[in-house]
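Please walk through the structure below.

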Amino acid sequence: MIEAIRALISEHGRLPVPVDSLDDSQDLYASGLTSFAAVQLMLALEDHFEVEFPETMLNRRSFASITAIKTCIEELVPKSAAA
Amino acid sequence: MCMVCGNFLDSLFTKGLLIDMGVEGLYGRSGIFEDVVERLTALITRIGKDGDAEVIRFPPGMNRKDFERSGYLKGFPQLAGTIHSFEGGDKEHATLLEKLHANVDWTDSQEITDVALMPAACYPLYPVVARRGALPKTGGLYDIYSYCFRHEPSRDPGRMQMFRQREYVRIGTPEQVVAFRELWLQRAQEMIALLEMPFALEVANDPFFGRAGRMMAASQRDQELKFELLIRIDSPENKPTACISFNYHQDHFGANWGIKNEEGATAHTACVGFGMERCTLALFKTHGLDVDLWPHGVRDALWG
């Protein structure tokens, strides 16, 4: 899942640095993720993992790091599909 | 508030302060209403005069290409307005008139023009500043005033479709624009206190469209990028109305338009926006519909 998230960040995050240079826990906003790019990333994550982020997850914290995104996706993807 | 009819908008019509045009949110203004608007904007000028802002007045329409590039349609497609006009010859003109006479849709011969209605008074400023080249070390400070359009018909007099925004816009380093916003957060509170109106200051968000918009709004709130000064007017939810807003755009407009500081870094921007009709309505709501009966302190501040 981490690799898929990294690929989507690379494609939609419009970061000024390569995603490979970031740790999973690194702050994506501090690394240059803009609010607009975060929205594009959110929509791409929904498409890829076939989930819909609920209202409670539509905030900065959910997309603050690769680990934070993974935690959200794991919560949303049915256990059987994630396995 | 009118004690007989109970509805603030109706009482404004009855008193003749606003003039009904048959469309929600589109009103004529009386001489007395306009006098208050002018006195308010003069008061804002007095409060802001030490900044030596560059005065720029744009018409209520902007270059459609600039509008498209501004990003407004990403966040607020539901509020945007564009100007369309007839394109065609005699044959198409005859068809238009036939359809008009038959009371059917005549607008298929309308084509989009190069003009979009002003979404917010500061929107045309950023490309103008960008075209001038890098900012001086002191950055820029601009005094902006324009009619704006937002497509949100409502019976709430505080939610007009066409209304005026008076703005001061600061463009420069992050430190310069944050200091500017702090200054105006103070000044605006002092101004409204001078006008003897109860108010609240709150963290706010813009009405971004759709699910993506909810994320934008949450992000805006998390970072406290927008504050609003709220005064009670007459919203349907009986909530106070945002009359002045204080917005820190970070490098959103600077990056979009390529506005650079003296040393070549992307400029940050912030603005304080006064909703002129809302501030005026708040005065009428708070102090009554007869300006001669307003408190002495308020009259002195405006007409003194």
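**Around Phe227(B)**

Not counting residues up to four places away in sequence, Phe227(B) touches Arg181(B), Leu185(B), Glu202(B), Val203(B), Ala204(B), Ile244(B), Ser245(B) and Phe246(B). The model is a predicted one. Phe227(B) belongs to strand β10 of chain B, which covers residues 226-231. With a relative accessible area of 15%, Phe227(B) falls under the 20% cut-off and therefore counts as buried. Arg214(B) is 13 residues from Phe227(B) along the chain, and their C-alpha atoms are separated by 17 Å.

The largest nonpolar core has 113 residues, and the members that touch the most others are Leu45(A), Ile171(B), Leu195(B) and Ile244(B). Helix α2 of chain A (residues 35-49) gives the most to this core, contributing nine residues. In soluble globular proteins, nonpolar side chains tend to be buried together. For Ile171(B), the contacts beyond four places in sequence are Leu125(B), Tyr126(B), Val129(B), Leu135(B), Gly139(B), Gly140(B), Tyr142(B), Val177(B), Ile259(B), Ala267(B), His268(B) and Thr269(B).

Next comes the interface between the chains. The size of an interface is often given as the accessible area lost when the parts come together. Between chain B and chain A, the buried area is about 1400 Å², and carbon and sulfur atoms give 64% of it. Of the area that chain B buries against chain A, 47% is supplied by Arg211(B), Met215(B) and Met216(B), more than by any other three residues.

Arg211(B) forms a salt bridge with Glu46(A), in which the closest N and O atoms are 2.7 Å apart.

Over all chains, the structure holds 21 salt bridges. Within chain B, Arg166(B) and Asp143(B) form a salt bridge with their closest N and O atoms 2.8 Å apart. This pair links distant parts of the chain, since Arg166(B) is in strand β8 (residues 162-172) and Asp143(B) in strand β7 (residues 140-149), 23 residues apart. Arg166(B) and Asp143(B) are both buried.

Another salt bridge joins the side chains of Asp206(B) and Lys226(B), at 3.0 Å from N to O. Asp206(B) lies in the loop between β9 (200-203) and α8 of chain B, while Lys226(B) lies in strand β10, so the pair ties together parts that are 20 residues apart in sequence. Strand β10 is also where Phe227(B) lies. Asp206(B) and Lys226(B) are both buried.

Is Arg159(B) buried or partly exposed? Arg159(B) is partly exposed, because its relative accessible area is 32%, and its side chain meets that of Glu152(B) in a salt bridge of 3.1 Å, N to O. Finally, a network of salt bridges links Arg29(B), Glu34(B), Arg164(B) and Glu277(B).

Key
Residues numbered from 1 in each chain as written. Chains lettered and ligands numbered in written order. Predicted model: local features only at pLDDT ≥ 70, side-chain atom pairs only at ≥ 80, totals over all residues. Heavy atoms only, no water. Core = buried A, V, L, I, M, F, W, Y, C linked by side-chain atoms within 4.5 Å. Buried < 20%, exposed > 50% of the residue type's maximum accessible area, 1.4 Å probe, protein only. Helix = DSSP H or I, 4+ residues; strand = E, 2+ residues; numbered from the N terminus. Contact = heavy atoms within 4.5 Å. Buried area = accessible area lost by both parts, 1.4 Å probe. Salt bridge = Lys/Arg side-chain N within 4 Å of Asp/Glu carboxyl O.
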